[in-house]
Amino acid sequence: MSVEPDITVPAAPAAAGSPPTGTAVRVGFLRRFRRQRAAVAALAILVLITLAAVLAPWWTLYDPAGGSLSDALSGPSGGHWLGTDDLGRDVFTRMMYGARLSLGAAVIAVGVAMAIGLPLGLIAGYAGGLVDSAIMRVNDALMSFPPLILAISIVGFLGAGLTNAMIAIGVIYAPRFMRVVRGAAMAVREETYVEAARMMGAPAHRIVRRHVLPNILSPLLVEISLSLGFAIIAEASLSFIGLGVQPPSASLGSMLGEAFRHLRDAPVYAIGPGVAIMIIVLSLNVLGDGLRDSLGRRAMR
Amino acid sequence: MGLSKPAAGPLLEIDRLSVDIRGEHGVARVVDEVSFAVGPRETVALVGESGSGKSVTSMSVLGLLPPRITRTRGSVRFEGRELLGLRSGELDRVRGDDIAMIFQEPMTSLNPAFTIGEQIAEQVRCHRGVSRKAARDRAVEVLDLVGVPSAAERLKAYPHEFSGGMRQRVMMAMALSCEPKLLIADEPTTALDVTIQALVLSELRALQERFGMSVLFITHDLGVVAEIADRVVVMYGGHLVETGRTAEVFAAPQHPYTEALLRSVPQGDTTGSRLWSIPGAIPTPEAMPDGCRFHPRCPHAKPGVCDADEPPLEPIGDGRSSRCVRREELRLSGIGGDAGGTGALAAEPLGGSVLPGGDRK
Amino acid sequence: MKPILEVEDLTVRFPVGRNVFGRPRAMLTAVDHVSIAVPRHRTVGLVGESGSGKSTLGRAVLRLTAAESGRVAFDGVDITRLGGRGLRPLRPRMHMIFQDPYSSLDPSWTVEDLVAEPLGAARKGASRAERRAAVVEALEHVGLSAAHLNRYAQQFSGGQRQRIAIARALVTRPDLVVCDEAVSALDVSTRSQIINLLEDLQRDFGLTYLFIAHDLALVRHVSDWIAVMYLGSIVEEGPAQRVYEEPAHPYTRSLLSAIPRLDPAERSRERIVLSGELPSPLAPPSGCRFRTRCPHAMEVCAAEVPPVVPAAGGGWSACHLNTGDGGAAAALDKSGAVP
């Protein structure tokens, strides 16, 4: 329906007399984002958790690696808020350290995914034609593997360990990034300003860098936020089955794995890491949705 | 066609309609106390540039404005029945049954997943409750009516298989399938080529004659207004600024904005001369000037008069009204009037143009 | 003086649909053996319905679309086969203003960067201050100012955006500017402002315009010469006044007849109503392409491509009615109405 034009008029061209505001685009985004209550709350929770995790060595009371066996698998108490694990270590402290590892690992994984997916997606999306077909066929092949099986085989090949697991997850997520970037780049390629740039003689690499990239940041940001959530779950899954982080270090996933073994003796042990994973992933997803709603093309106009 | 006689009662009566829209810069009044009526069998054109409030006015008639961000006041009566504040179920019955609407972009108004036939039949069944077969026959009938060749076969076609002009005719067929008493057409020919526009307009005229329906035609193209409208309502900055019979308004406009619009259209041989243009830009609802809303761009504006009080909309006889305090002193030129004879070109607009240079010499 | 732009026998074809092997299913001929010349400091108007190929011709002229055959010469240099590197020195000398001022300006760029964009290719060594000075000067020519440098295009109305687009076209002082429906998306009052601005700039900077539009009244106002396109071919061209007042081709007549008149009294005038719509360019009619919609179609129209016949008053038309001795005058009366 042609509802848009007249209704949006009051908001848009208020430019003539007002002083120059260079950051108006970003201001508009912030205003829209602020209105998304849930996303703002999710962002706050994530910031809090990240701070708590990163600063864990300075504020937690116990040594994450040391404990006394006499305290093993005790329930929550004033001294140990979430109880202790099978080696008598404080679960809450280990959770903070675990969250630190999990978050770091997710960032690495998404970084790897982006390093592979972003350039390839840009090339495929902007160049189109045969280049696009070739890249996308490889992409399809990668995406047709069950992700966890692929991760297990990559880790099996590279050897167990957190870094390798993260690289594996990154490789698995790269095709998703490629798809998102390619789709967005294809849409931007059709915009008249790209044709205008070609008309002015700008070479392809310049057009991609200066026109395409800035205009696909929105979907990219949304994808990053959602992928971080997936990466945390993927890390947890790999660590749960022992392919990720190696003892004595712990991530939320490996802690959940340990807790699982003692589910009958100390059911409370599993609650901490489980809930933490849930809250982080949920927050990332809500944040991603919020970003999508305030960055989307429709919201921009 | 011809000029309509003022019949017993108007079909559609809009009375002091105001619409507030909440945008990013706060609440803005985009339609301000607009009143006009559409009589039976009459075609009324609602004219204005983008931002004048013409589309919002037409959408508020059918309750198509998003209620979350708009507030509508005043009254919209159809056959004496108040439409504002009707529950959506009741409105649905009015929409399509008594009042139909067609839009500028027929592609976005048609569902790409269903065939043309299915969509028209659905419309018919919805409002008439007839059998599937009867609805299908009716679809063929209306497609035939609006000049879609080999209508029976085209029923199975999807919207993307039609060209722009054909899609607009399909939209018209859909709108007409229930023989509405009033058709609201929002820039229906703006996206079309002139040749196709001429076809669609003549089709519309023929249909109107046949069904005796009324048309509220929203457009910014004065040429189209001249071709189709019995009466014209000119809007500027959310206000109604002038209304009257098309021929009379075009021959002797009573508001400088109408004059400016008419003169902005190049007519005849203008080679070598500058086109008449209105300096500056239409004001936004947040920055409405004091006094007459048009005065900063008006070549006839007089300091101390036009920038002081908001001029009222005054009836000037013969169904005409104008919102200009200097109306009686001015000799505004309409079509066929001599181009520079009113001294309009020499006058400087109050407050100067919003953009320096370029626009006037 | 040699025309700044010469198009000779230009043909542009696009592949339509691709089968599983990546081969096109059919070729669409958008521009079919078109020749046209644009003299310096003049405006040539190109009119036609959507699908006539007028925009494709404009794009091919600037090498945004590759030509299949024929030749485009800019200032005497054949640019048809030049590569990106060879074209680069010529790019600052030609520019295009697009129809949609909303999508032709990158929303993530400031006005300064937008207007400076053509300079990127033109003056590599220019300092930031020099660039800014050039940008401000261009902005001032179009009625904007240095105060607008740091804003984004989104903050401007349609007319102001088109001014930014014009400033951007002006910044390299080009010889040729292709205006592709440059004012079609604007409101009536803004439209006249932009047209006046374009005319001022042409006078001040000696610009040459190829003015592509579907609005015949506007094209007549700005153009010295008008070419009328139908389904990929030019069917008539000539001095603006002559084409408008004494159209020699039935298609031009029907286009003129379809323009709404401002005078409600003319509502009852006779119109030439074209039957049907533009045929598919995938399968253009044989002989004269206009014959399927032409009110004067004869047998010969299906059989033979109409020859180019010079028109009295300048230019030419391609219509069988105009061949032979005075057949044209007999068949087409001056009023534009069909007998």
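**View 1. The helices of chain A.** Chain A holds 14 helices and zero strands, and when its elements are followed from the N terminus on, each one in the run is therefore an α element, as the helix and strand assignment of this predicted model has it. Of the 301 residues that make up chain A, 44% count as buried. Among the contacts in chain A that link residues at least 6 apart in sequence, 68% join residues that are at least 24 apart.

**View 2. The two domains of chain B.** Chain B is divided into domain 1, which covers residues 25-229, and domain 2, which covers residues 244-361. Taken over C-alpha atoms, the centres of domain 1 of chain B and domain 2 of chain B are separated by 31 Å. Where these domains meet, the contact takes twelve residues from domain 1 of chain B and eight residues from domain 2 of chain B.

**View 3. The side of domain 1 of chain B that touches domain 2 of chain B.** Which elements of chain B each supply at least two residues of this side? They are β2 (26-38) and α9 (222-228) of chain B, and the largest share, four residues, comes from α9(B).

Notes:
Residues are numbered from 1 along each chain as its sequence is written. Chains are lettered from A and ligands numbered from 1 in the order in which they are written. This is a predicted model: local features need pLDDT of at least 70, side-chain atom pairs count only at pLDDT 80 or more; totals for chains, interfaces and linings use all residues. Domain bounds come from an automatic or database domain assignment. Two residues are in contact if their C-beta atoms, placed from the backbone, lie within 7 Å. A residue is buried if 20 or more other C-beta atoms lie within 10 Å of its own, exposed if 12 or fewer, and partly exposed in between; C-beta atoms are placed from the backbone.
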